[in-house]
Every structure is written in structure tokens, then in C-alpha cells.
Amino acid sequence: MKNPSLRWKISRRGFLVGVGTTVAVVAVGWVAGKNSLRLAISNMAEGTEKAITRGAPPATPMQWLSISADNILTVHVQKIEMGQGILTALAQIAAEELSLPWENVRIVMDPTGSPVQDPNGTGNSESVVSHYLPLRNAAATLRDMLAAAAATQLNVPVAALKNTPTGFVTDSGVARTYGAIVAAHTAEWVVPETAPVLKETSAFSLIGTSQKRLDIPAKVTGTAVYGHDVRLPNMTWGVVARPRIIGAVIASVDPKNAATMPGVVAIVNEDSFVGVVAETKAQAQTALLTMDIQWKLPDTLVTQAAIDAATTVDPATGVEIQRDGDALAALESAKTVYTREFRTPMAVHAHLEPQASVVDVRPDGVDAWVSTQVPAGMASAIAEALNREAANVTVHPVYLGGGFGRRLDADLGIEAARLSAAAQRPVAIAWSRADEFHNGFVRPPTHHVMRGSLAPDGTIEALSHHQASGDVLLTIFPAAVGTFLGWDIGAVRGAKWYYTANAGRLMTAQRVQLPIATSFWRGLGLLANGFAIESFIDELAEKAGIDPLTFRMQNLPDTEFGTRMKATLNAVSTLANWNSGPPEGHAYGLACSADAGTCVAQIADVSIVDGAVRVHHVYAAIDCGLVINPDGVVAQTEGGIMMGVSSTLIEALTVVDGAFSASNFDAYPLLRNNQAPDISVVIVPSTAAPGGMGEPPIGPIAGAIANAVYRLTGSRPQTLPIEIQAK
Amino acid sequence: MELSINGKLVTIADNGDSRPLVLVLRDELNMTGTKFGCGAGICGACTVHVDGVATRACQTPVNQLAGKSITTIEGLSLADGSLHPLQQAFIEHQVPQCGWCMSGQIMTAAALLAVNANPSRADIVTAMDTNYCRCGTYHRIRNAVAHAASLKNPVTE
Ligand code: FES
Ligand code: FES
């Protein structure tokens, strides 16, 4: 049943998504470009050549761009669509330089092993940021190559050709479509040495328009295929023994008669990994339940009290992440120091599609369909576990039923690969909701201590933010990296002060190593840091006796970032009619934040209904630089806001009796339709480069709601989810 | 045993058991348009129609379905193959993000419109309150359902 030559690796691991741009917030500038640009252009140069050589292998898409004889442009990427509209945005970018009508554009998620190498995976709100120029360059180069070919075919100089939406036309009116040029081309394609001339942004016809999402028709007819939906001929079902108690490991296994039970195909029991493969899911589960598995519990059970105690700021141990001037000295000598603490709880991703993997391990190769944001990383993880070459493993992208940072786990594919190797048949592992709650990873808890002082003119004198957070990114690095750095890049997303302070600003990050699996969650530290900073700034505004909008305006810098943020704040105040205020009995709360090159400002319209916080409407203004698809920007803004409202009002995971407190949504409910606000979004015109969209809108929402709640109750919410205290 | 699914009789193994409809649809019949989110009757991702009523397939044992008529998202399109007004409206309003909840949302809304052709805003919210959308498309859902109702009932002047 088991192949002893296989070397299993099953420690918890994950993938890193594009960490290089994590620090590229507006204030720092746009740094994503150079390397990925070079890489993409070299990919493009190889790829385009194959793309339009008619002898390219037909069954395997091998490049970024291809044009067929019927003038259909197909864009090949390895970015994963999980609802963020990325495929549509990338297709728009690619088609722009060719001026093709939208009906002629297709896009596919390519499997690993195709020349579309994308080791970074999808996440970090960076797909558009990293692809915007490379894709345009690729398409413009392709256009120039087609022009050269058309000139040869029509025997005219290139200068005599005019580009039309479908191809080229000569001075004398002879037209050729791109597809016809490709079909008639017999010579070698030559990639030009010189960089192509890109369109002026004023000439864009696709970029900046709300094209309809390419993936939506399949999603309203039930035909889109997700990881949970993959069905192969001869497929079997696998289940894996998973602990309920945090930190428990398998101590002993008596398989009893599981191997001879109906439908059982294979049993794997080695290195503390126990799994059953059977013809049906139920048969596999029954067999697993028959086995007598003893778990070795950790010496001390994890407790919520221990997690809270560990996640507590100790100003002496934090690492300085931001320091200008001498905030501590200024606070020391200030007449009045304002201080406030905030806490955010653990939370789960609750992507509605539990993760799943289908892996087919054969002697000649491995095919895997896995709910992953990182196909290339998954391919190498499976290859390593099977002791095979990475090229031997093909990971086929699937739609993801929500990602939010959860689909970065390598174990998912490795488990199915181990079971398939034993069963010698394709094996599907479909996680249950209980698996997700108990055996996934969670957003780490945070604690924030904020201090500030004011100058007599209402400007901020000094600011300090001490943060303690469970690990976000460090959990996937070798331990030495964490020891060396001492702080977590992910936890401090949005943690630095973007407001000015006359005498100084300080931000310190304190790494908390918890006995629970913590990692990425939409925006990483952004929601927690936004809650703390924007609540505290609102408090300072109140202490200064200044309107919260005016106070923010006068304490934002006169930099490019500050100017963008002020324009965003102005836009949201107009949208919500800030000056006339909310309906009778409601309160407005304002907050803003910046992340991934994008500025967001939000106003929450809130009241208290039956003792609970009710968010009626959220107004949002967003400057995400150059916009690819306005309706896509609006949709991501809405999605971030709704997820943030859910976190702010409802969600908290705790530890009870050594295990997570919820196994399903009865104990961890999500926001429902009748709790969901209406949302209005305005996009602020911007000349900045494209910024991220998947995460930034979640930044201000907790602060906006908390600030409205303060106005209603007189008590400032300091923990999430917000609970009302009587006035 | 036989089940009537989308107007066709389908034979499934009669194990005398009460395995849930969602499992039979997805794992035995490979009809994966009906989704699975919680298996506990909470999220609504598995919503289908049983005799026209929105029903959670994860909470419905197949041995209770003899003689009943089951409709799934795969059977929602109109007889001529064109999209149901709700499917059109969900495209028009660009509702889905990840899309995993959408079969359930649309089936829940279709059952509402079948009995209430002119739902008020409150009717829509009450009916749709049974279905989670983690991507947060709730207010687009409300708008699209209202729009679909107007498609089904062209306003006459
Ligand atoms: S899967 Fe049936 S209600 Fe969630
Ligand atoms: S669209 Fe993703 S859960 Fe609704």
C-alpha cells in the first residue's frame, strides 16, 4: 500500500505572496515595477514568439498572448480568480494596446509548467500593480510585430499602416485583421530590440471602462469549476485524521478492521499522518471513525487567557518601525497626554467554499487541482513531498470560492498527493466547515497602546503606537528569519502614523509567538491598525475641539500622499453630506487609511437598534491611482467594507477547553443580508499609478463604525467586535 | 430509487439511508452547480427547490424526496435555454464575486419571486437573509432581485 521510497514532508508550511511590495504604501512610493517588469518582458519575448508561430503545440497554452485566425486574443496568466475580478482587469490591460473590441478578448488561468511563470501567486493586492506595465508592453510589442508582418505581407512600409480596432489598414484602404496576419505569416517572428511606444492614457478605450466580468456568466449558471467541484474518472475520496485540541499530535493508531471495510481503497498511517481513501466520502469517514486513534495532548492546553496575556504590549520589547523626532520626550514633557488601548480578536477567513484538492499521482506524472492562490508553490511542495522533479507535477488553477489569504497552505495538496500515491488513483479531499475552523489558521489577535499630545493650535505634537501582534508573515518563514527581524512585516500593515506630529512620531512592533496557527487574513494587520489609529485620531480631534474631518485635514502632510488622502476625504464628505450630518437619531463616523498605493476614506451611518449597533450605510471614497475597471473597484470596495462590518460587529474566535470555540457558523456567525449596509462609492480621479484594490478598503471601516458608536453612546469602543455599553 | 431532478428522472443507489441531497447531487451525480458551505443548514449555499420551495440540500435526506420535484441551478434556465430573469439581473448588476454562494442566492430568490412577483425591499431582505455571502455582495443582491422582479413584471402604464 505504501511506497517506502517516498519521503514525506508534512510540517505546516505556506507560501509567501509577493512580499516585496508589502511596504509599498503610498507614502513610500511604487516599487513593484522594475524586476517583475524585466522578468515579464523576457517571458513575453519568448512567449510571444511561440504564441504566433502557428506550429506551437496546440494543446498547451504556452504564452501570455495568442491571437487566433478568427481574431480572438487569448491572454494567459497564472493569477487566480477568487472574486476580485482580476481576470477581467488583466484582460482589459492586455487588449488595450491592440485596441481590440472586448468581444474578441478571452483570458485563461494557465497550469504550472506553461511559460507563464508566476512564482508570486495571487495576493497582496498586487496583481494589477505588478502586471499593468508588463502586460501593456507585451501587447504593444505584439502589435508592432504584427504591423511589421502586415507591412511585409502587403508590401508597404510600416509607416503606411494605420492601426484599427481589429488590425491594420493601408493608405489605399486594404485591411488585414491581426488574425489574418498571423495566419499568413510563414517566416520566423522577430521580437523588436526597442521598447514599444505605449498608448497615451487619454487614448485608452478599454482601460478605465466597466467591462462586464468574464467569469460571471459561469457563476450564475453553476458551471464555474472550483476546487470542491473537480471530478475525475476513477476518482476516490480521502479523509485525514485531524486534531480538535490545539497542538495535539497522533500518539498511537490501531487501524482495527478499517482496511477491509466496504469501499476502502487504501490507508496511510505513517509519520503521525493518518488518512483513508475509499470509493465514497462516507465510506472513508466511517473507516476513519472505526480506527482507534489516540492523540497526545500538549503539556498545557492553550487557553484564551494565555493568548490575551501574551498579546499584551510591553513597551520595552517592541522594535522601532517608525521614528522621527523624539515622540517619547515630547510626551514626557507634555501637559496632557492622551492614551487609549485597543484589542482585536482572532478571526477566521470563512471563505464560503471550504478548501479542497484533487491529486492524481501516476508513475508518469502528477496532476493536481488545488484551492490555492499559489499554483507554482503548490507544484513544488507536492513535488518535494513525493520526491519528484517539480516539472513532474502540474497544478491546474481552479476558481476559488473566496481566498482572503487562506489559500496559501501547502499541506492541502500534499495530503491528497500522499493518499493518491498510496491508492494509485485520483484522490479528492474536500474539507468540511469544522476542518476549516479547527485546522486552518486564524487572524492573529492584536493589542495597541496609543499615546498622543496636542499643540495649542490644534495640531498634533507627538504620537506613539505600540503594537503587539501574533505572527502574520513570519509563520511561513524559517524560524531564523523571525529571530533576525524580530518583527512581522505583515502585522504592521497600516500601523505607521500617516498623520504628522510636530515633535515626533513613534511606532513599535512586538512580535508575539502564540501556540496557535496564525497567518494572513485580508489586509494582514490593516483592519486592526486602522481601528486603533483612526479611533485614536478621532479622540484627539475631540480633545482638540475640532471637527474630525477638519482635524484630519490639518494633520495630514503636504506630500503627494497627503494631498491624495485629503482629496479622498473631501470626496467622501461630499458624498455623505458630512456637514449636514446623518438622519435623525443616527451618527456619522469618519476614518481613512492608505495601503498598497491606494487611499480610502469612509463614513459610516450608524444607529443603535434594540441595543445593537446597526450600520445603515457606508459612504466610501477611493483613490487607487489609475483605474482599470471602475465597477471592479466599486465591487472590491463593497466587499472589503462588508467583511470589515462583519469583523467589527460580529466575529471573534476564542479558545475554549484547548480548542477553537467554533466548529461551524452557529458558533461563529457571519454578517447576513439584513445586517448589511447599503454602500455608495466614489472613485477619486487620480494620476497615480494603479494601486491595490483587494485589501485597502477594509482599512478604515472598523474605525469609522467605532467613531460613530462613540458619538451615539459616549463610550469609545476599544475591542472588536463592538459591544454597546449604556451611555 | 428515483429522483426527479430538473424534470428528468434520475436513478440513484437506494442504500436505505438518509444521505443528504447535496451529497447525492455533487458526489454521485456530478451536478456541482449546487454548492456546499457548512453542511449545517446555516449558510444557504446548497439551496435548491423541492416542489418549488427553497430547500437546503444539506439538510434534506434523499429518502424523503420520492415523488417530489427537485430543481437545481442547472435546471433554472428557461425551457428555450435562455437565462432566468434572475440570472440576467445578477449578470447585469455584476453581483458575483467569488461566486460560491450564488447558486444558493439565485435559487432562494427564484423561490421568492415565484410566490411574490412584486416583492418589497423588506420582502427581499427577509427572503435573502437566509444566505451568507462572505464576499459581501449583499446590497447588489438586493438590487438585482428587485430588478429581476421588474423584468418578470414589465411595468405597464
Ligand atoms: S451547506 Fe447547506 S446550508 Fe450551508
Ligand atoms: S460571491 Fe463569494 S460568497 Fe458570495
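This is a predicted model: local features need pLDDT of at least 70, side-chain atom pairs count only at pLDDT 80 or more; totals for chains, interfaces and linings use all residues.
A polar contact is a pair of N or O atoms within 3.5 Å, where, within protein, one atom must be able to donate a hydrogen and the other to accept it. By this criterion, 32 residue pairs are in polar contact between chain A and chain B, with both residues at pLDDT 80 or more.

On the side of chain A that touches chain B, the elements that give two or more residues are α5 (216-220), α16 (630-649) and β26 (678-683) of chain A. The largest share of that side comes from α16(A), which supplies nine residues. Sorted by class, the side of chain A that touches chain B holds 26 nonpolar, 15 polar and 15 charged residues.

The extent of the interface can be stated in residues and in area. Chain A brings 56 residues to the contact and chain B brings 43. The size of an interface is often expressed as the accessible area lost when the parts come together. Between chain A and chain B the buried area is about 4,100 Å², with carbon and sulfur atoms giving 54% of it. Within chain A, the residues that lose the most area to chain B are V220(A), L352(A) and N673(A), which together account for 19% of what that side buries.

Charged side chains also take part in the interface. Side chains of opposite charge can pair when their charged atoms come close. A search of the whole structure gives 41 salt bridges over all chains, and ten salt bridges are found across the interface of chain A and chain B. In one salt bridge, K35(B) pairs with D229(A), and their closest N and O atoms are 2.6 Å apart. K35(B) is located in the loop between α1 (21-28) and β3 (47-50) of chain B, and D229(A) in the loop between α5 and β7 (236-240) of chain A, so this pair joins two chains. Another salt bridge links the side chains of D678(A) and R121(B), at 3.8 Å from N to O.

Within chain A, helix α13 (residues 526-544) and helix α17 (residues 701-713) have axes that come within 7 Å and cross at roughly 35 degrees. The crossing of α13(A) and α17(A) is right-handed. Residues making this contact include L527(A), F531(A) and E534(A) of α13(A), and I701(A), A706(A) and Y710(A) of α17(A). The residues of the contact between α13(A) and α17(A) comprise six nonpolar, four polar and four charged.

Two backbone features of chain A remain. Most residues other than glycine have a negative phi, and most peptide bonds are trans. The peptide bond from L720(A) to P721(A) is cis, with omega near -10 degrees, and P721(A) lies in the segment after α17 of chain A. Q424(A), a residue other than glycine, has a positive phi near 55 degrees. Q424(A) sits in the loop between α10 (411-423) and β17 (427-430) of chain A.

Technical notes: Residues are numbered from 1 along each chain as its sequence is written. Chains are lettered from A and ligands numbered from 1 in the order in which they are written. Side-chain values use heavy atoms; hydrogens and water are left out. Contact means heavy atoms within 4.5 Å. Buried area is the accessible area (1.4 Å probe) that two parts lose on being put together, summed over both. A salt bridge is a side-chain nitrogen of Lys or Arg within 4 Å of a carboxyl oxygen of Asp or Glu. A polar contact is a pair of N or O atoms within 3.5 Å; within protein, one must be able to donate a hydrogen and the other to accept it, and residues adjacent in sequence count only if both atoms are side-chain atoms. Helices (H or I, at least four residues) and strands (E, at least two) are DSSP runs, numbered from the N terminus. Ala, Val, Leu, Ile, Met, Phe, Trp, Tyr, Cys and Pro count as nonpolar, Asp, Glu, Lys and Arg as charged, and the others, Gly among them, as polar. Axes are lines fitted to C-alpha atoms, for helices over the stretch in contact, and angles run from 0 to 180 degrees between N-to-C directions. A crossing is left-handed if the near helix is turned anticlockwise from the far one by less than a right angle, and right-handed if clockwise.
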